Amino acid sequence: MRYREGGDLDTSHVQDRRGRGGGLRGSGFGAGRGVAVGGGGLGLVGLIIIVLVQVLGGGGGSGAGAGLGALAGLGEGETANTSTLAQSCDDSGDANDSVECAVVADIDSIQDYWSQTLDGYVPTQTVFFSGQVQTQCGGATSGSGPFYCPADQLVYIDLTFFDTLRSQFGAEGGAFPNAYVLAHEYGHHVQNLLGTNRQVTPGDAGATSGSVRLELQADCYAGTWANHAETVPDESGAPLITDITQDDVDRALDTAGRIGDDFIQGNLGGGNVDQDTFTHGSSEQRQRWFLTGYETGDPAQCDTFATDDLG
């Protein structure tokens with residue numbers, strides 16, 4: 001995966017809260033207004049996976065505090081600053097050598113895609129944090145993995161998670177799998193704007209549950225962005241991403257295969273696979289729905305709520 005040289009990166013889509021406090025308050029993750037949606041069941045506490053519970057449906061629409069510039073969820077004394085990030089990522093070509101600049105470029109590309117694809121799309125921000133963070137969905141730690149909080153309409157990620165994918169999940173990793181993870185989270189933002197998450201009963205679980213359907217749809221939405229990533233233009237009229245190879249796609253599928261409920265339960269949990277507790281879908285399902293989006297490039301093909309065949 002390669003990024004265009006000589007372009008501009010828009011760091012206003014990022015709140016950089018790394019090293020700025022953010023102590024946990026309240027009664028823990030999910031205790032706030034609306035429950036966070038995990039980035040594919042990726043939470044870790046040591047080697048034990050915590051599958052995040054689904055969305056309660058809070059924070060829909062584009063009211064005050066939503067969208068670009070929203071600082072909702074900052075802990076007391078916590079601030080967001082992108083000045084250092086803007087200096088180190090002032091050229092889109094920096095994304096070829098820097099993980100954090102690549103993430104900025106991915107976010108720009110993903111939001112360019114949805115802004116040009118979905119009428120009424122409201123851009124949002126990604127929060128970079130380290131260690132722990134306070135959100136309107138409650139407090140979270142790095143062990144929660146990437147997630148989307150519908151109450152404040154923000155994506156949250158500790159960038160060290162990408163190292164965890166390789167070291168603990170055994171994923172091949174790379175720039176494109178990292179972008180897939182981010183695109184999945186922005187898929188949850190799209191679902192929140194459309195109200196899709198409100199079709200799901202909180203705490204729903206099982207192989208054909210609304211929770212699984214919500215996650216597989218987010219995978220499919222990530223695939224539709226990936227299909228268009230080399231052609232979707234930024235404000236200059238040129239795409240930020242210039243090359244996605246078959247090896248990149250294979251690596252993304254490898255990542256999808258390692259964040260399925262069956263892989264997590266069988267390899268990183270207690271060793272027993274229980275479909276009645278699935279909340280994100282099996283490895284095969286996650287690969288299938290990412291490919292559905294990638295091969296068709298059509299979000300209309302991602303209606304996992306309208307099919308009896310999830311794979």
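This tour moves through the structure one selection at a time, from the whole chain to single side chains.

The model is predicted, so local features are taken only where pLDDT is at least 70 and side-chain atom pairs only at pLDDT 80 or more, while totals for chains, interfaces and linings use all residues. Residues are numbered from 1 along each chain as its sequence is written, and side-chain values use heavy atoms, with hydrogens and water left out.

**Whole chain.** Begin with everything selected: the chain holds 8 helices and 11 strands, where helices (H or I, at least four residues) and strands (E, at least two) are DSSP runs numbered from the N terminus. Of its 311 residues, 56% count as buried, a word that here means under 20% relative accessible area, with exposed meaning over 50% and partly exposed in between (1.4 Å probe, protein chains only).

**Helix H5.** Select residues 210–228 next; this helix of 19 residues reaches 27 Å from its first C-alpha to its last. Because 17 of those 19 residues are buried, H5 is largely enclosed by the rest of the structure.

**Arg18 and Glu100.** Now show these two side chains, which form a salt bridge with the closest N and O atoms 2.9 Å apart. Arg18 lies in the loop between strand S2 (14–16) and strand S3 (37–38) and Glu100 in helix H2 (residues 99–117), so the pair ties together parts that are 82 residues apart in sequence. A salt bridge here is a side-chain nitrogen of Lys or Arg within 4 Å of a carboxyl oxygen of Asp or Glu.

**Leu159.** Keep that pair on screen and select Leu159, in the loop between strand S10 (154–157) and helix H3 (161–167). Leu159 is buried, at 14% relative accessible area, and, leaving aside residues up to four places away in sequence, touches Arg18, Glu100, Val103, Phe128 and Phe129, a contact being heavy atoms within 4.5 Å.

**Helix H6.** Finish at residues 246–258, the helix that holds Asp248. Asp248 is buried yet has no salt bridge, and the nearest side chain of opposite charge, Arg251, is 5.5 Å away; in this count Lys and Arg are positive and Asp and Glu negative, with His and the chain ends not counted. The side chain of Asp248 does reach the backbone nitrogen of Met1 at 2.8 Å. Elsewhere in H6, Asp254 and Arg258 lie 4 residues apart, about one turn of the helix, and their side chains meet in a salt bridge (3.0 Å, N to O).

Definitions and conventions
Polar contact = N/O pair within 3.5 Å; in protein donor to acceptor, adjacent residues only side chain to side chain. Expected span 1.5 Å × (residues − 1).
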